[in-house]
Each structure stands twice: as C-alpha cells, then as structure tokens.
Amino acid sequence: MEEKIVRGTSLFMVMLTVFICSSLVYLPALEVKAQQYVAKQMRIRREREEREEMWAMLSGLEFLDYSTKQAMATAEELPEEQQQTAVAALDFPQQLRLELPKNCSKEDVTVSNHYVTRTIDIQIKGAGDDYLVRYPMIGKSDHIDDLNYFAGQDGGTLELSMEHVYELSLDWQEQYLYIDFIAPQDIYDKIVVIDAGHGANMPGAIVGDVQEKDIDLAIVKQLKKLFDENADEKLGVYYTRLNDSDPAFADRAGLANDTGANLFVSIHNNSYPQSEAVNGTAVLYDEKKEVAGNSSRHLADILLKKTTNALGSKNMGLVAGNDIYVIRTSEAPAALVEVGFMTNPKELANLTDESYQKKCARAIYEGIMQALEEGY
C-alpha cells in the first residue's frame, strides 16, 4: 500500500515538474498577451473619454467627422497582422455605418423618412444617452445639414436633417446598419407629387361640422390606393401629407422641386357663402408660365375634363392661379383641383360620400397617367 502511495506521489511530482517547466517556456508569451490586453483596454477607455469630451463640445456633424477620423487612427495603430483587416472594415462603400447596441437587433430599429421636412429618424430600442459615445457612427457627412440625437425611456432617436429629399438604401450586416442616400431622380423615370390641401389648424372651408381639410385628405388617400394598387417601380409618387398635419407652403411646393417632379397636383374644395346654388369643378393653373405644350394649363385642362366627366359635375373652367403660392413656386407643371362647392348642399353630400371620393380619385389618377403618357 505504501509502495503505491510513493509511486503515485512520484508520478504527481513528475507531472507537476513538467507542467511548471512548460509554463516557464510559455510565460513570456502569456505576459506579452496580458500586456496587449491591458493596453487595449486602456486605449478603449482613453478613446471613450475623448469621445465624451468631444460630444459635449462638437455639433452632431462635427462629432461624426471626429468619430470617423478616430476610428481610422485607431485601426492604423494596431499591430500589422490586425491593421489591414481593421482598415478594410472602415473602407465601406455606403455613406454611413451605425453600430447597434449589444442585445439589439434590426427588429429593434425603425427608420422613418419624412420627405416633406427632409428629415430622417432612426429609432433604436435600448440606446441610452451615451449611445453615440459607446457606439460611434462613422462615415461621410455629405448631403446632411444637421445631425441630432435624443434619448428617451424606450431608446434613442437619431435625427438627420438632409439638404434635399433622398431615398434610403439600408444594408444590415450583423450588428451594423449601413446607409446610403439616393436622389429620387436616380431611381424613378417619372415623379408625381400629390398635395392634400390645408390640414391641422388650417381647416379650409367649414360648413356645419364638415371641414375641407378632411375631404381633401380623404380624396388623396383614395388616390394613394390607386397608385399603390397599380405600382410602377419607375414611377415615384410623393405626398405632402397623409394625416392631419399642415405642411408649410414652402415645404409643399419644395417637395416637388426637391424631387424633380414631373407634375404637382393639389386637391382642394371650394365654397361660396353668398349663394348655395353655386356648384361645379374648377382647376387652377399658372397663367404666367408657358401655356403651350406640356404646361400647367394643359395639365389643368386634362384634370378638369377627367374630373367633370367622371363626377357629372358642372365644368367651371380653368382659373388663373399664379397668386397661389404652391402653383407659382412649383418648378413642375402644377394644377390645383377645386373638386366642388361645400356650400352647395347636394355637392357637399357628394363630397362626403366615400364612393364619390373614389370616383374623384379615379378621375384624377387617370388624368395624371394621361399627362405622363403625353410626355410630362
């Protein structure tokens, strides 16, 4: 028994000796790795402290440029075997790269493009006050006028104020979201902008408890259904409002100008309190611009004929409308359709009827499509 114990002890001592000797061989390498780890942690801490200081001092766009330069400098300081991979990762073709917080997936990110105000909101669940410090966004500030970040209880929101209207190209790669901004003219062959008149605290005409803004919007929503049902990837359709909001006149016409629209069509309704008998459809155009060819006047004429024929409403003719801001400032041929008179009881009953609104939307849709076929 004692002999077994002695043999076991001897074997253990031999193994321990071998382990110790082996460890001595690898100890310098382990020490180097430990030093590298400590250096890396210190660098990460130093860089974050620097970003915290710069975040407090710089604007959003300046911080984007700073974070991009810092990321490149860090990559170039890495050991040679890591440097090439790190630098290559920063050479992405898209304009921006966002890193998502840990335990956050693309399902936790909502991107909203507000064309009229030229703002893009990126909502990120789980992002805190220090999101951009902990997960710096990098890339180029081209096309961006301003960048802001707001944190709330449910997460944070990045707000990008753009110099023009852009469509978005989103590319998800693991914990990164890559973003590109694309001009509408680079995507679509033809572009149409539809404007629902009035909105919010600007109700337009009011008869009883009926407000013009609601009828205008109802017709536009029916028009949107038609464009959606007959979607054409080469036709871009933008709307100044699809809810009870009131975009500024400059933003309404600006949406058409920024997108390089081929047509701008605004939907309104009329009123004439002096007489309930007055009724019918009129279309306004810009009389101070060229009237021949694919002009504002010709577009108005197409829409007037389509609408009155479909609705059976009285043709009130074409009306000079250069004094209307959205008509005057639209670079694209513009027409403003006054569908009917809310002060006429029969017409008001029609205008508030969904089937009538659908007829009206169909007529305007067909008028727009005819205009595009004619070369607008």
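The model is predicted, so local features need pLDDT of at least 70 and side-chain atom pairs count only at pLDDT 80 or more, while totals for chains, interfaces and linings use all residues. Residues are numbered from 1 along each chain as its sequence is written, and side-chain values use heavy atoms, leaving out hydrogens and water.

**The second largest pocket**

- The second largest pocket has a volume of about 370 Å³.
- Its lining is made of 17 residues, and N113, H114, Y115, V116 and Y239 lie nearest the centre.
- By class, the lining has eight nonpolar, seven polar and two charged residues (Ala, Val, Leu, Ile, Met, Phe, Trp, Tyr, Cys and Pro count as nonpolar, Asp, Glu, Lys and Arg as charged, and the others, Gly among them, as polar).
- Strands β2 (109-114) and β12 (235-239) each supply at least two lining residues, with β12 giving the most, four residues.

**Helices α2 and α3**

- The axes of α2 (residues 60-76) and α3 (residues 80-90) come within 8 Å and cross at roughly 160 degrees.
- That angle makes α2 roughly antiparallel to α3 (the term covers angles over 145 degrees).
- The crossing of α2 past α3 is left-handed (the near helix is turned anticlockwise from the far one by less than a right angle).
- A71, M72, A75 and E76 in α2 meet Q83, A86, V87 and L90 in α3, where contact means heavy atoms within 4.5 Å.
- Six nonpolar, one polar and one charged residues make up this contact of α2 with α3.

Definitions and conventions:
On a 1 Å grid over the protein atoms alone, a cavity is a set of points where a 1.4 Å probe fits but cannot get out, and a pocket is an open set with protein on both sides within 12 Å along at least five of seven lines; lining residues have an atom within 4 Å of a point. Grid points are joined across faces, edges and corners, and a volume is the space filled by probe spheres set on the points. Axes are lines fitted to C-alpha atoms, for helices over the stretch in contact, and angles run from 0 to 180 degrees between N-to-C directions. Angles under 35 degrees count as roughly parallel, over 145 as roughly antiparallel, 65 to 115 as roughly perpendicular and the rest as oblique.
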